[in-house]
Amino acid sequence: GKYYWRVKANYEKHESLLSETVALTVTPPEPVVYLTPQNDAIMTDSEDSIKFTWKDVAEAGNYSFEASGDPGFKNIILSSKTDSRIFIMKNPGPGKYYWRVSIIDRSGSLAAKGLTSGFIIPETLKKPVAILPANMGVVNLDNSDSIKFQWAKVEGADSYEVEIFQRVAGVDRSLIVLNTDTNRVELRNFTIFDPGTIVWVVRAAKSVKGKMSATSESERSYFVLNIQL
């Protein structure tokens, strides 16, 4: 609220002098600002733990971290006090979760309630297995006008991404990314290739309501490309 204060100086002969009255406005601190993960982030690279970070303009120093299985925080899976602006939580497994960081004052009371932010731990899909071209095989384009890439279907996946690389001096340089909802693609544009070692990977994905919920990536497969000039 808004307060006013002043100072009175008292003397021996019961004389007193008053200072001017000064207004003082007391406001609660602003909620912390989340840095990572961003709201609705898909934690495709999370392993055993998830790192949360935030910044606090007022630098309160004491915080309450909470994680829940619902946005109303009725199903809290973790609650902890911390004086750091970094918190590491064990991976809770596939699903959508919510987190918030509240500011706690010196008396242990809630000073600023944290905003709600969500993140998604995707399901685990089986890795795609490359079929064609055969790993470590040779592809000759003198009698062919296309290169066919095929892999085993992954149960639960509804889309695939194929990335093709050219190996140059031991380094894989990305050439093209192809997307499909089947387990095969056909490439007819050879101008992007040079003769030599070609590397390719397949990434399987599953989406729920337009958002990726599960991913997996195949092992890298290699073949030698011969192009007749």
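Visitor: Which residues is S68 in contact with, leaving aside its neighbours within four places in sequence?
Guide: S68 is in contact with F73, K74, N75, I76, I77, Y97 and Y98. Contact means heavy atoms within 4.5 Å. This is a predicted model, where local features need pLDDT of at least 70, side-chain atom pairs count only at pLDDT 80 or more, and totals for chains, interfaces and linings use all residues. Residues are numbered from 1 along each chain as its sequence is written, and side-chain values use heavy atoms, with hydrogens and water left out.

Visitor: Is S68 buried or exposed?
Guide: Buried, at a relative accessible area of 0%. The cut-offs are under 20% for buried, over 50% for exposed and in between for partly exposed (1.4 Å probe, protein chains only).

Visitor: Where is S68 found?
Guide: In strand β8, residues 63-68. Strands (E, at least two residues) are DSSP runs, numbered from the N terminus.

Visitor: And what lies 3.0 Å from a polar atom of its side chain?
Guide: The backbone oxygen of D70.

Visitor: New topic. How many salt bridges are in the whole structure?
Guide: Ten. The criterion is a side-chain nitrogen of Lys or Arg within 4 Å of a carboxyl oxygen of Asp or Glu.

Visitor: What does E186 pair with?
Guide: K148, at 3.9 Å from N to O. The pair links distant parts of the chain, 38 residues apart. E186 sits in strand β20 (residues 184-187), K148 in strand β17 (residues 147-151).

Visitor: How accessible are E186 and K148?
Guide: E186 is partly exposed at 39%. K148 is also partly exposed, at 48%.

Visitor: What about R220, which residue does it bridge to?
Guide: D172, with the closest N and O atoms 2.7 Å apart. R220 is in the loop between β22 (211-217) and β23 (221-226). D172 is in strand β19 (residues 171-180), and 48 residues separate the two. R220 is partly exposed at 36% relative accessibility. D172 is partly exposed at 21%.

Visitor: And the partner of E217?
Guide: R203. Their closest N and O atoms are 2.8 Å apart. E217 lies in strand β22 and R203 in strand β21 (residues 196-208), so the bridge ties together parts 14 residues apart in sequence.

Visitor: Which residues make up the network that includes this pair?
Guide: E161, E163, R203 and E217, joined by salt bridges that share partners.

Visitor: How accessible are E217 and R203?
Guide: E217 is partly exposed at 36% relative accessibility. R203 is partly exposed at 21%.

Definitions and conventions. Helix = DSSP H or I, 4+ residues; strand = E, 2+ residues; numbered from the N terminus. Polar contact = N/O pair within 3.5 Å; in protein donor to acceptor, adjacent residues only side chain to side chain.
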